[in-house]
Amino acid sequence: MNQKMDRRNLLKSGLMAIGGMTLAPHLSMGAFAGAPLSLDPENRIYRSPMVREYFLPDDLKAPKIIAKLNANENPYGPPMSAQKAVADSVKNGNRYAWKEMYDLIDKIAKKEGVTADHIMMGPGSSDLLEKVALVTFMKGKGNIVSADPCYMSLVQVAKSVGATWKPVPCTDDWSHDLKAMEAAIDSETKLVYVCNPNNPTGAITKGQDLLDFCSRVSEKVPVFVDEAYIELAVGADTQSMVSLLTQKKNVIVARTFSKIMGMAGIRVGYMVALPSYLETINKITRGGMGISYTSIFAASASLDDKDFQGNTRKLNHEAKLYLYENLDKMGYKYIPSYTNFVLFPVTIPAKELLTKLNAKGVSVRTFDILNKPWCRVSLGTMDEMKAFVGALGQLS
């Protein structure tokens, strides 16, 4: 009870005094030193020296998509347990859900083996990545070190408020080059970001190697480890970095309900960090404010639904093996994936491939990586994978 009261007091301190509205950092702390975040319509996600992403104009988008394989969504969710929880709880949607969120936090804390004050909730893990970027770099100084390519949400927001990005190319097998990343850290580094398994490559960095890296580096600078796909890493030599928190290491671990739980549109995620670190975030912007009443109940139900999680993992792996088999037959050399997507180089120009697959009702993501065309296809249902394989085969 005292722990819950402490969390309530923390949320109220300084923030509730402004009428329940949390001010954006640039309003409450002065203007951002960096340029505002802009959206380049030709390269909205992977804006790095190594990667260029392509998008279709609205007038070229297919009227009917039969295989939506462009967003790494779980095609089997939300689980029925979560759907029922939403239906049962919506009648109380006129109420704020602080008590219910504390109950969910307690359940997550038990799952992760930490106390509840190590947990911060958010509407998806990307929201939490961006909160960390804003708070860490809101004064427009310092740099962030990460692999390149990587998931760019945290990096882009950090850059938008004045941070410098120090990208470190992945190794030949597309895992993180931990030695080079550690060497890139300097006196201006405020954060190291690791996405494992990585997006958009799908590759894994070995668990013990990453554990040693995070343990050592976190003594100098906070290390943010994005584990959005870790529950789908079948057969991987990996592990969560949450265990380092029991050693008081300054690591931040993000998890999401969007992938294994199949709740991308319901929007629930959390991060696990030292209580003192979370206090620095809560002083500026409250965790949990963007989660709906119904989402909290859906998340709690899905945590208990081990059958759904196991079935998702099984079906995702079967779809991946089917895709591997057919890519092998067509002569494509893919990056072994530990996620729900596969990245592979293609011989057709990236934008042309995107256009031609879209015309067949198949939606994917395409990039130029190091000036060569690549395709990233999410793992959908077996019918969706057959549609993709068939469409790709007609273009090969």
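**Close-up views of a predicted model**

**View 1. Ser125 sits in helix H5.** This is a predicted model, where local features need pLDDT of at least 70, side-chain atom pairs count only at pLDDT 80 or more, and totals for chains, interfaces and linings use all residues. Residues are numbered from 1 along each chain as its sequence is written, and side-chain values use heavy atoms, with hydrogens and water left out. Ser125 has 9% relative accessibility and so counts as buried (under 20% relative accessible area, with a 1.4 Å probe and protein chains only). Setting aside neighbours within four places in sequence, Ser125 is in contact (heavy atoms within 4.5 Å) with Ala254, Arg255, Thr256 and Gly269.

**View 2. Helix H5 packs against helix H6.** Helices here are DSSP runs of H or I with at least four residues, and strands are E runs of at least two, numbered from the N terminus. H5 (residues 125-137) and H6 (residues 153-160) have axes 8 Å apart, at an angle of about 30° (axes are lines fitted to C-alpha atoms over the stretch in contact, and angles run from 0 to 180 degrees between N-to-C directions). That makes the two helices roughly parallel, a label for angles under 35 degrees. Ser126, Leu129, Glu130, Ala133, Leu134 and Phe137 of H5 meet Ser153, Leu154, Val157 and Ala158 of H6.

**View 3. An open sheet holds 7 strands.** Their order is E3-E9-E8-E7-E6-E4-E5, with mixed pairing (two strands pair if DSSP finds at least two bridges between them). Strands E3 (119-122) and E5 (164-169) are the edges, each pairing on one side only. The twist averages 20° from one strand to the next.

How values were computed:
Angles under 35 degrees count as roughly parallel, over 145 as roughly antiparallel, 65 to 115 as roughly perpendicular and the rest as oblique. Buried means under 20% relative accessible area, exposed over 50%, partly exposed in between (1.4 Å probe, protein chains only).
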